[in-house]
Amino acid sequence: MTDDFYERRANGVREPDPTLGRRARQRPLPQPMDRAVVESLPPAPEPEKPAKPEHHAKPKRERVILADPRRGAGTLRARVELEEQTSWGKLLVRDHLVKVQLRTALLLTLLVVVVFGSLPVLFYLVPGFSRLSVVGIPVAWLILGVLPFPFLFGVGIWYNRLAERNERAFVDMIEN
């Protein structure tokens, strides 16, 4: 007998796999589940043994089913449209998510431009402000050389949180 599951010819050469070159059947992808549903099963038959104390008893058997029959078909359709990148899925992403993200980015960009654009106006309108110094360093240098970095970092964190909130709202809209 041979130790592998392929047939061998008389000269010892293996035959090729008969399924070689054939396409595998497409199986539907498993869908993510919202929550598990637990179903009780009858207890397993116990062999004849002396009675055990209660704290050593076997736990009751349960069957776990990872499907929620109450889930709507619209959720699945929208998710499939997005995964397959159909024209409807692209339109849904472009019309909702991209526009909201673009609006958020433009509003925060406008905030940065207004804050940094107001600095020259401030120095022009209040000429004495540029002559002030703190610990021997002119205030204008501190405002222009140090303060923009924490300000831009804060705006970046704010944008990131808003973008994540918009993405969560989009996912909630798709799933509900």
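Biologist: Where is valine 135 placed?
Modeller: In this predicted model, valine 135 lies in the loop between strand S3 (133-134) and strand S4 (137-138). Helices (H or I, at least four residues) and strands (E, at least two) are DSSP runs, numbered from the N terminus.

Biologist: Buried or exposed, valine 135?
Modeller: Valine 135 counts as exposed because its relative accessibility is 79%. Exposed means over 50% relative accessible area, buried under 20%, and partly exposed in between (1.4 Å probe, protein chains only).

Biologist: What about the phi of valine 135?
Modeller: Positive, about 55°, although valine 135 is not a glycine.

Biologist: Which residues form the largest nonpolar core?
Modeller: Leu119, Phe123, Val139, Ala140 and Ile143. Such a core is a set of buried Ala, Val, Leu, Ile, Met, Phe, Trp, Tyr and Cys residues joined through side-chain atoms within 4.5 Å.

Biologist: Which elements give two or more residues to this core?
Modeller: Helix H2 (87-125) and helix H3 (139-145). H3 gives the most, three residues.

Biologist: What is phenylalanine 123 in contact with?
Modeller: Neighbours within four places in sequence aside, phenylalanine 123 is in contact with Phe129, Ser130, Ala140 and Leu144; contact means heavy atoms within 4.5 Å.

Biologist: And leucine 107, buried or exposed?
Modeller: Leucine 107 is in helix H2 and counts as exposed, at 54% relative accessibility.

Notes. Residues numbered from 1 in each chain as written. Predicted model: local features only at pLDDT ≥ 70, side-chain atom pairs only at ≥ 80, totals over all residues. Heavy atoms only, no water.
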